[in-house]
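User: Could you take a close look at one loop for me, and then walk me outward through the sheets, helices and backbone details of the rest of the model? I'd like the cut-offs spelled out as you go.

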Amino acid sequence: MSKPVVLVAEELSPAGIAVLEADFEVRHVNGADRAALLPAVADVDALIVRSATKVTAEVFEHARKLRVVARAGVGLDNVDVEAATKAGVMVVNAPTSNIVTAAEHAIALLLATARNVPQGHSALKQGEWKRSKYTGVELQGKTVGVLGLGRIGVLVAQRLAAFDMDVIAYDPYVQAARAAQLGVKLVPLEELLRESDFITVHLPKTAETLGLIGDRELQQVKPSVRIVNAARGGIVDEAALDLALKDGRVAGAGIDVFTTEPCTESPLFHHDNVVVTPHLGASTHEAQEKAGTQVARSVKLALSGEFVPDAVNVQGGAVAEDVKPGLPLAEKLGRIFTALAGGVPVRLEVIVRGEITGHDVKVLELAALKGVFLDVVEEAVTFVNAPLLARDRGVEVTLTTSEDSPDWRNVVQVKGTMADGAVVSISGTLTGPKQIERIVEVNGYQMELVPAAHMAFFGYVDRPGVVGIVGKLLGDLGINIAGMQVGRDAKGGRALTALTVDSAITPDVLDQIVGAIGAEVGRRVDLADD
C-alpha cells in the first residue's frame, strides 16, 4: 500500500522531517506561492505550514483527502480553523514549542528599552560616545504589568520576579488563587495601566484583544512607562502608541510584532526610544527544532486516527493523565456497541461515572464516538470528524457524568437507542495497577470479561446445556475459547453469553451457533486491527 502523503509548505527542522520520513511520503512546496500550493494539496493527507502559507477555505476545497493541517508554531492567524472543522480536517499546532523563547525575547526587549542597549550600540559603532544621553532605569523595585497569564505570561512573570520586581497582571480568565500561587497580584486593566512602570503583552489576538491598548488606555499610563509587545500585532494600537510617544506620555517601547507583517516601514521606527525586531519571538534554533518535532508527532497521531492533545478544533482540550488510559477502552466500547447494535443509533449517550469525572472527560465521548463509526464508514475516522459523522447521520450525542459509581472506581458506558426503540449498552472499566480493561456490563447483564481481538455475544432463553453446545461447536471447528461469561436476568429467563476466542468466528459459524442454541440474537466482534 502507498504511504500517506505529507506536504511541507515551509521550512521545517531536519529532526521534524526525519520523524515524518519514517512513515510517510514527504513532499515540498512553496506555500506562499498560491498557484503552486493549490494543485499540490489535491492528493495529500497532511499539510504542514508555518506563518507564510494561508490555509483558507479555498485550500480545503482543493484538498479532498486532507485530514490534518499542522502549524509549526503557536499562532493560527493564517489557518481558517472554522473552514477546517467544516471539512472534517484536524488543525494542530505546537503550543509549547516557543514559550521559553518568546518569554526570553520579551524580557530582552524589556531590558533593551530600560537600558537603551540598541541605541547605545548604534551610536558607539558610529564613533559617538553618548553615556549621558542613554541613561536608563533599573528594574529592581519597579512594577511590571503582565497582560495575560498564559504559558508565556507566567514564564515572564516568574523571570521578572527574580529581578525583584513587583508583578501585577490582568487576565479575566485566570482565578486570583492561581495568580497568588505564582506570586502575582491580579488587578483590573485600569489599575494595571495606572500602576505599571513596565507593561508586557502576552495575550492571544482575538476580537476582544484587538486594539486593547489604544488611545484611551495610553491616556491612563505613567509617562515613565515602557511597553513591550512580543505577542501579536494589533493588540497595541500602533497609531495610538506613536502619538503617545510623540506627546511624551510613554517613555519607550519594545515591539516585535506588527499589525501587518512583514513590516518594513512604520512611524514607530522614527522614535529613538523604540526598540523593534522583525517578529523574532520564536526565532531560536531550539524553538524551531521543538516546533518541527512536535507537529511531526502530532501528524503521526492524527493520521493514525489517535487523539492529538495539541489539536485546536477537537472538543475536549488537553487530556488529564488520569483520563488518557481510558481512551482505548472507550473506543473499544464504541466498536463493540456498533457490533452489538448492528447499526448506528438515533441517540447515543456516553456515561462516565466515578472519581475520574473530576477531570474534563469530553475526550472519552469522542473516543467512544470514534469507535462507533470506525467499522461502518469508508473514510478514516478521527477525533475531529467523528462528531461530524454523527451529525450528518442524525445521531443525537450526549455526555453524562456522575461522581457516584457504586460498583467500580470508574466506569464508562456507551448506551444507544436504535430506530426501532431497542436500547443497546456496554460498560467497561480499568482495574488494578496495570489498568486492565474489563467489560462489566452488556445490555444490562453484569459480567467481567477482558476484551479481546475476537469476541461473540449470544442472547437466548436461559436453560441447561447451552454453554456445552457452544463449547463443542467451537471445539469441533478448532476455535479455542479464551474467556466466557454468562449473565441472566432470572432463572429460566433471558440470558447473555459473552465469549472471547483466539481466532475469528466467521459469519457461517455464528449462524451455526445461533441455530444450535436457538439464540434470539448473535453478534460477533472483530477488533483484530487495533
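**A loop and its surroundings**

Proline 262 sits in the loop that links strand E11 (252–255) with strand E12 (274–276). Helices (H or I, at least four residues) and strands (E, at least two) are DSSP runs numbered from the N terminus. The model is predicted, so local features need pLDDT of at least 70 and side-chain atom pairs count only at pLDDT 80 or more, while totals for chains, interfaces and linings use all residues. Residues are numbered from 1 along each chain as its sequence is written, and side-chain values use heavy atoms, with hydrogens and water left out.

What is the geometry of the peptide bond from glutamate 261 to proline 262? That bond is cis, with omega near -5 degrees. For context, most peptide bonds are trans, and most residues other than glycine have a negative phi.

Arginine 226 stands opposite glycine 252 in E11.

Aspartate 164 is placed in the loop between helix H7 (151–161) and strand E7 (166–170). Although not a glycine, aspartate 164 has a positive phi of about 65 degrees. With 46% relative accessibility, this aspartate 164 counts as partly exposed, a class that lies between buried (under 20% relative accessible area) and exposed (over 50%), using a 1.4 Å probe and protein chains only. Asparagine 116 is likewise not a glycine and has a positive phi, of about 55 degrees. Asparagine 116 is in the loop between helix H5 (99–115) and helix H6 (117–125), and at 13% relative accessibility counts as buried.

Now to another sheet. An open sheet of five strands has the order E2-E1-E3-E4-E5, with parallel pairing. Strand E2 (25–28) and strand E5 (90–93) are at its edges with a single partner strand each, so one side of each has no neighbour in the sheet. On average, neighbouring strands here are turned by 20 degrees against each other, direction ignored. Helix H1 (residues 14–21) packs on the sheet and touches E1, E2 and E3, its direction making about 135 degrees with that of E2. Helix H12 (residues 285–303) packs on the sheet as well, touching E1, E3, E4 and E5, and its direction makes about 170 degrees with that of E4.

Within this sheet, both faces of strand E3 (residues 46–49) are covered: Ala46 and Ile48 are buried on one side, Leu47 and Val49 on the other. Strand E1 (residues 5–8) pairs with E3 in the parallel sense over three bridges, and valine 6 has alanine 46 of E3 as its bridge partner. Four bridges join E3 to strand E4 (residues 68–71), again running parallel. Leucine 47 has valine 69 of E4 as its bridge partner. From E3 the chain passes through helix H3 (residues 57–62) to E4, a right-handed β-α-β crossover; right-handed here means that, with the strands pointing away from the viewer, the path from the first strand over the helix to the second runs clockwise.

Finally, alanine 368 lies in helix H14 (residues 362–374) and is buried, with a relative accessible area of 0%. Leaving aside neighbours within four places in sequence, alanine 368 contacts Ala330, Glu331, Gly334, Val350 and Val414. The axes of helix H13 (residues 326–341) and H14 come within 7 Å and cross at roughly 35 degrees.

Note on methods
Pairing = 2+ DSSP bridges. Contact = heavy atoms within 4.5 Å. Axes fitted to C-alpha atoms, helices over the stretch in contact; angles between N-to-C directions.
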